[in-house]
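Q: I am new to this model and would like to learn how to read its features one at a time. Please take me through them.

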Amino acid sequence: MKVKLCILFGGPSSEYEVSLRSAASVLSHLHTEKYEVFTVGISRKGEWFRFFGSYAQIEDGSWIEDPNNIPCVLSPDTSHHGLLFNDGHVEFIDVVFPVLHGENCEDGAMQGLLTLSGIPFVGCSVAASANTMDKAITKTFAERAGINQAKSIVCFASDFLSDVQTQTARAVETLSLPIFVKPARTGSSVGVSKVKRAEDLEKAVMLARQYDEKIILESGISGQEIECAVLGDAHGEVITSIVGEICPAQEFYTYSAKYDDENSLLYIPARIPQSAAQEVRTAAETIFRAMECFGLSRCDFFFSSDGQVIFNEINSIPGFTSISMYPQLFDASGLPYADLIDRLIELAGKR
Ligand SMILES: Nc1ncnc2c1ncn2[C@@H]1O[C@H](COP(=O)(O)OP(=O)(O)O)[C@@H](O)[C@H]1O
Ligand SMILES: [Mg+2]
């Protein structure tokens, strides 16, 4: 019998569009003989619809206008174990793959609903999702695990902005320019700035605060950007992929460099010494375990010009678009895209 698989896409997040692309890619790679697929789209505003149209409509965003969409919700009632429609009809679901990114979707909120539903789902628990989403919390886990990181300051934007001169002087003295300013809990480079002049820090903090009151100021690292895909259970078997490298077409890996710029290059394997690649894989597994991740995560690092491996961040639902690193890294490690999805769904069932 086919597994009844619900794919969630979209979502009330600044990474709505990325999710559409990831979901279209996951859907087009699935072993269709194994799954009965229920596609459920969540609008930017947070409305839920069972969607019956094509993957192309998901990818280009026109799915939302499809006249055949039917409102439905994922029921938190465990006796439903599935999708609940307005007429009271229930569709039983075996497993959910939330192909969602960003706030409300990857930060534990959605995982809370999934947990209450009693339906096995792909990805991290509520706590691990919330912890990995927050770059400041991630830093404390990484520090405790003895992982090398860039120097940073965590603060609330309001505190920085209430005394810009003192805060700017402190940041420049502690971190040295250039400084990266980031919202603590977003992804896809949304709200991230590279600041080269002290007088531009204020503007960068104001941009970041549009997404999160909690912000990170971090020493800029010059070097290569390295990523490692991880699969497994923090309390059981964990597999790391070979490592890849991103060469952004822009000054850093901005939203448009990630998703729209064809000149951003990926190198698989990364162009770093074997010993550094091994160090990345070991650190990726250490972080995955320390943060009690489950299912999947992508761990991102820098390989600095002076030869150091420096941890940057972990993503609990990494991009799954056709050009995304996560599936490509496992493919290059001998686990093709469709088999990778099978593994993630199998793992979800073991939760
Ligand atoms: N400390 C840093 N040094 C150099 N580049 C950085 C640093 N922090 C972030 N970046 C650049 O900004 C991009 C986005 O930052 P990141 O921390 O990965 O946030 P996001 O969760 O939005 O991907 C990175 O891919 C990298 O290009
Ligand atoms: Mg990143």
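Q: Where is Pro269 found?
A: Pro269 sits in the loop between β14 and α10 (274-290). Helices (H or I, at least four residues) and strands (E, at least two) are DSSP runs, numbered from the N terminus. The peptide bond that leads from Ile268 into Pro269 is cis, with omega near 0°.

Q: What should I keep in mind about the model and its numbering?
A: This is a predicted model, in which local features need pLDDT of at least 70 and side-chain atom pairs count only at pLDDT 80 or more, while totals for chains, interfaces and linings use all residues. Residues are numbered from 1 along each chain as its sequence is written, chains are lettered from A and ligands numbered from 1 in the order in which they are written, and side-chain values use heavy atoms, with hydrogens and water left out.

Q: What is the peptide bond from Leu177 to Pro178 like, cis or trans?
A: The bond from Leu177 to Pro178 is cis, with omega near 0°. Pro178 belongs to the loop between α7 (164-175) and β9 (179-183). Ser176 lies in that loop between α7 and β9 as well, and its phi is near 65°, a positive value in a residue other than glycine.

Q: Is Ser188 buried or exposed?
A: Buried means under 20% relative accessible area, exposed over 50%, and partly exposed in between (1.4 Å probe, protein chains only). Ser188 is buried because its relative accessible area is 7%. Ser188 lies in the loop between β9 and β10 (193-195) and has a positive phi of about 55° although it is not a glycine. Ser176, by comparison, counts as partly exposed at 42% relative accessibility.

Q: Which residues of helix α11 are buried?
A: In an α-helix there are 3.6 residues a turn, so residues three or four places apart point the same way. In helix α11 (residues 325-332) the buried residues are Met325, Tyr326, Pro327, Leu329 and Phe330. They pack against β12 (223-233), β13 (238-247), β14 (265-267), β15 (294-304) and α12. Just after α11, Gly334 takes a positive phi of about 100°.

Q: Which residues is Thr138 in contact with, leaving aside its neighbours within four places in sequence?
A: Contact means heavy atoms within 4.5 Å. With those neighbours left aside, Thr138 is in contact with Asn131, Thr132, Met291, Phe311 and Ile314. Thr138 has its place in helix α5 (residues 135-144) and is buried, with a relative accessible area of 3%.

Q: How many salt bridges does the structure hold?
A: A salt bridge is a side-chain nitrogen of Lys or Arg within 4 Å of a carboxyl oxygen of Asp or Glu. The structure holds 19 salt bridges. One of them joins Lys34 and Asp342, whose closest N and O atoms are 2.6 Å apart. Lys34 lies in the loop between α1 and β2 (35-42) and Asp342 in helix α12, so this pair ties together parts that are 308 residues apart in sequence. Lys34 is partly exposed at 36% relative accessibility, whereas Asp342 is buried at 6%.

Q: Where do Glu245 and Arg271 lie?
A: Their side chains meet in a salt bridge (2.6 Å, N to O). Glu245 is in strand β13 and Arg271 in the loop between β14 and α10, 26 residues apart, and the pair links distant parts of the chain. Glu245 is buried, with a relative accessible area of 1%, while Arg271 counts as partly exposed at 44%.

Q: Which residues are linked in a network of salt bridges?
A: Asp134, Arg185, Asp212 and Lys214 are linked in such a network.

Q: What domains does the assignment of the chain give?
A: Domain bounds come from an automatic or database domain assignment. Here that assignment gives domain 1 (3-121), domain 2 (131-148 + 222-349) and domain 3 (152-219). The centres of domain 1 and domain 2, taken over C-alpha atoms, are 25 Å apart.

Q: How much area do domain 1 and domain 2 bury between them?
A: Buried area is the accessible area (1.4 Å probe) that two parts lose on being put together, summed over both. Domain 1 and domain 2 bury about 2000 Å² between them, 65% of it on carbon and sulfur atoms. In domain 1, Arg21, Phe97 and Glu106 lose the most area to domain 2, together 27% of what that side buries.
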